[in-house]
Amino acid sequence: CGCRIADEFASLNQLARSRRGIEIVPGTFAVNTDAADLSGLRHIKPDYRYRILIGGRKTNGHGVGKINELGAEIARSDGDKVIDSIRSVKSLFEADAFLLVASAGGGTGSGSVAIITKLVKERWPEMKAFLTECYANGAPCPEPLKKLLKAKDEGGKTENGKKDETKKEEGKTEEPKKDEAKPDAAQPADE
């Protein structure tokens, strides 16, 4: 899911370049532990710097089998491949922010996104890093993403494009005051 969304961003960039002569996305990368997922992309450059296979020795290019802990472990050991690829983009200085897209349905995206986000923020602290995650069939948010979302330093939690602006304190709920009278629809009219 995350790689396919990144591929769509690359498609939009190609369209903007051909129609208007502008670059709207300085670099689009797909990171995965499954080589087949990376080879199925149509718009991201077919180059190891843009289609980044991580954990190839551990998974033999066959993915992590929805085990997000393994995805996180691989990101810790191969995260430098992602950072090196980002650094290789000539127009990186034109970027205003990073958009990280991850799937919560598999193991690579949900496991690695917290690690990759941390590495990006450490390397480029002046840039904003935005995260969006895709949920398949109402799947619950995996633990690594929950931890990352709790640690976000700006805004509320974003799920499926919706901003949660409620600020509730843990353990406290608001109850109506007892002395407040509720309007009754059956009240007699004034005579």
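Predicted model: local features only at pLDDT ≥ 70, side-chain atom pairs only at ≥ 80, totals over all residues.
Begin by selecting helix α1, residues 2-20. Now colour G2, C3, A6, D7, A10, N13 and A16, which are the buried residues of α1. As you follow them along the helix, keep in mind that an α-helix has 3.6 residues a turn, so residues three or four places apart point the same way. What covers these buried residues? Show β1 (30-32), α2 (35-39) and β3 (97-103), which are included in the cover over the buried residues of α1. Before leaving, step on to G21, the glycine that follows α1, and note that its phi is positive, near 75 degrees.

Next, select T59, which belongs to helix α3, residues 56-59. Is T59 buried or exposed? Its relative accessible area is 8%, and because buried means under 20%, T59 counts as buried. If you leave aside residues up to four places away in sequence, the residues that T59 touches are T33, V64 and I74.

N60 is not a glycine, and yet it has a positive phi of about 55 degrees; with a relative accessibility of 59%, N60 counts as exposed. Select K66 as well, which lies in the loop between α3 and α4. K66 has a positive phi too, near 65 degrees, in a residue other than glycine, and K66 is exposed, with a relative accessible area of 66%.

For the last stop, display helix α4 (residues 68-87) together with helix α5 (residues 108-123), and turn the view until you can see how they pack, at an angle of about 40 degrees and with their axes 7 Å apart. That angle makes α4 oblique to α5, and the crossing of the two helices is right-handed. The residues of this contact divide into nine nonpolar, seven polar and three charged. To look at the contact itself, show side chains on both helices: those of α4 that take part include A72, A75, V82 and I83, while those of α5 include I115, I116, L119 and R123.

Definitions and conventions
Residues numbered from 1 in each chain as written. Heavy atoms only, no water. Helix = DSSP H or I, 4+ residues; strand = E, 2+ residues; numbered from the N terminus. Buried < 20%, exposed > 50% of the residue type's maximum accessible area, 1.4 Å probe, protein only. Contact = heavy atoms within 4.5 Å. Expected span 1.5 Å × (residues − 1). Axes fitted to C-alpha atoms, helices over the stretch in contact; angles between N-to-C directions. Parallel < 35°, antiparallel > 145°, perpendicular 65-115°, else oblique. Left-handed = near helix turned anticlockwise from the far one by under 90°. Nonpolar A, V, L, I, M, F, W, Y, C, P; charged D, E, K, R; others polar.
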